[in-house]
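Open your viewer and get ready to click along with this tour.

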Amino acid sequence: MLQLHAVPQFPEGVIFQQDGAPPHYGNIVREFLDTTFPQRWIGKSAVMAWPPRSPHITPVDFYLWGYVKRHVYSERINDINHSKQRITDAIHSVTPDVLTRVWEELDCRLDVCRATNGVHLELR
């Protein structure tokens with residue numbers, strides 16, 4: 001997935017942050033990351049340590065989970081199938097315009113992080 005789809009879209013010099021899923025830390029994956037992002041990848045067993053959880057700069061945390069939760073629980077859930085359908089509907093209701101606004105919010109949040117040299121922030 002990384003090799004075929006993601007990496008070809010990355011700009012030159014990007015720093016890649018690996019997630020915490022154990023299968024993503026196999027030897028073959030780490031070798032690929034070392035080769036593709038020499039001294040420029042963040043993760044377990046990497047030169048760059050994984051930073052503390054940063055929900056204020058993670059769109060899934062600062063936007064998507066709250067949006068989905070509000071959408072799903074705006075009405076009573078009858079059963080598991082109803083719950084799955086509400087989640088699917090919520091995800092499908094996210095428009096390109098909404099994603100553009102989320103991207104703009106992320107850019108603003110990153111500006112704040114840069115301006116404060118990455119200190120812990122409470123953004124609302």
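Helices (H or I, at least four residues) and strands (E, at least two) are DSSP runs, numbered from the N terminus. You are looking at a predicted model, in which local features need pLDDT of at least 70, side-chain atom pairs count only at pLDDT 80 or more, and totals for chains, interfaces and linings use all residues. Residues are numbered from 1 along each chain as its sequence is written, and side-chain values use heavy atoms, with hydrogens and water left out.

**Stop 1: the whole chain**

Show the protein chain as a cartoon: there are 5 helices and 2 strands. Followed along the sequence, their pattern is α-β-α-β-α-α-α. Along the principal axes, the C-alpha atoms fill a box of roughly 50 × 35 × 25 Å. The radius of gyration, taken over C-alpha atoms, is compared with a globule rule of 2.2 Å times the number of residues to the power 0.38. A compact globule of 124 residues would come out near 14 Å, but this protein chain has 18 Å.

Now colour by burial, where buried means under 20% relative accessible area, exposed over 50%, and partly exposed in between (1.4 Å probe, protein chains only). Of the 124 residues, 23% count as buried.

**Stop 2: the largest nonpolar core**

A nonpolar core is a set of buried Ala, Val, Leu, Ile, Met, Phe, Trp, Tyr and Cys residues joined through side-chain atoms within 4.5 Å. Select Phe-62, Tyr-63, Leu-64, Val-68, Val-72, Ala-90, Val-94, Val-98, Val-102 and Leu-106: these 10 residues form the largest such core. Helix H3 (59-72) and helix H5 (96-115) are the elements that give two or more residues to this core. H3 gives the most, with 5 residues. In soluble globular proteins, nonpolar side chains tend to be buried together.

Which residues does Phe-62 touch, not counting those up to four places away in sequence? With contact meaning heavy atoms within 4.5 Å, they are Pro-55, His-56, Ile-57, Val-102, Glu-105, Leu-106 and Arg-109.

Next, click Tyr-63, which lies in helix H3. Tyr-63 is buried, because its relative accessible area is 18%. Leaving aside neighbours within four places in sequence, Tyr-63 is in contact with Val-94, Val-98 and Val-102.

**Stop 3: a second core**

Select Val-7, Phe-16, Phe-32 and Phe-37, which are included in a second, separate core of 7 residues.

**Stop 4: the loop between H2 and S2**

Go to Gln-39, in the loop between helix H2 (27-36) and strand S2 (41-42). Its phi is near 60°, a positive value in a residue other than glycine. Is Gln-39 buried or exposed? Gln-39 is exposed, because its relative accessible area is 57%.

Arg-40 sits in the loop between H2 and S2, and is partly exposed at 23% relative accessible area. Show what is around Arg-40: apart from neighbours within four places in sequence, its contacts are Gly-13, Val-14, Ile-15, Phe-16 and Met-48.

**Stop 5: the loop between S1 and H2**

Finish at Ala-21, in the loop between strand S1 (16-17) and H2. Ala-21 counts as partly exposed, with 23% relative accessibility.
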